[in-house]
Amino acid sequence: MEIYIDFQVSSKTANINLNSIFNKEGKFHCIGDVSKTGTMLDYSQWNLSFTPIETHDINEVASLFFEETYSLRKKIVKYLKKTDSELLIYFVVINYEGVNDYIHLDLSEENIHKFSKFNASISIDGLG
């Protein structure tokens, strides 16, 4: 099984783009863009997907994520406040077809504390 983090920032009041903070190209859409279904979007969103890791433990993924991003947290939080944005840390679990692997869905106290420094919500979802 592989797990990765999708870092998602959204706002209903500002168009979001954190490329300069991360020094990487994320995917984004703006307020007023039209979705694939033809709906005009009333929010903007920017997301960056991190490299998938072969593991059963989300704490391992979280620890590697923090190695890459924790030094950016003050800039990120400042940007979130300035743009009235919300941050979702989205753990994506890729389970291989026909494999009944298990996953550790518990986050350590240390990782919960670190995520709180980002003012982030956390979600976990699987892909077949």
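User: Is K12 buried or exposed, and what is its relative accessible area?
Analyst: This is a predicted model, in which local features need pLDDT of at least 70 and side-chain atom pairs count only at pLDDT 80 or more, while totals for chains, interfaces and linings use all residues. Residues are numbered from 1 along each chain as its sequence is written, and side-chain values use heavy atoms, with hydrogens and water left out. Buried means under 20% relative accessible area, exposed over 50%, and partly exposed in between (1.4 Å probe, protein chains only). K12 is therefore exposed, its relative accessible area being 56%.

User: With which residue does K12 meet in a salt bridge, and how many residues apart in sequence are the parts tied together?
Analyst: A salt bridge here is a side-chain nitrogen of Lys or Arg within 4 Å of a carboxyl oxygen of Asp or Glu. The side chain of K12 meets that of D42, at 3.0 Å from N to O. K12 lies in the loop between β1 and α1 and D42 in the loop between β2 (27–29) and β3, so the parts joined by D42 are separated in sequence by 30 residues.

User: Which residue forms a salt bridge with E68, and where does that partner lie?
Analyst: Helices (H or I, at least four residues) and strands (E, at least two) are DSSP runs numbered from the N terminus. The closest N and O atoms of E68 and K24 are 2.3 Å apart. E68 belongs to helix α2, so the pair ties together parts 44 residues apart in sequence, and K24 is in the loop between α1 and β2.

User: What separates K114 from E110 along helix α4?
Analyst: Their side chains form a salt bridge of 3.5 Å, N to O. An α-helix has 3.6 residues a turn, so residues three or four places apart point the same way. Because K114 and E110 are four residues apart in helix α4, their separation is about one helical turn.

User: Which face of α2 do its buried residues line, in terms of an arc in degrees?
Analyst: The buried residues of α2 are I58, N59, V61, A62, F65, F66 and T69. The arc is taken from the directions from the helix axis to the C-beta atoms. Seen down the axis of α2, these residues line one face, so their arc is within 155 degrees.

User: What is the C-alpha to C-alpha distance between I58 and I3?
Analyst: I58 is found in helix α2 and counts as buried because its relative accessibility is 0%. I58 and I3 are 55 residues apart in sequence, but their C-alpha atoms are separated in space by 7.2 Å.

User: Where is D84 found, and what is its phi?
Analyst: D84 is found in the loop between α3 and β5, and it is exposed at 53% relative accessible area. Its phi is positive in a residue other than glycine, near 50 degrees.
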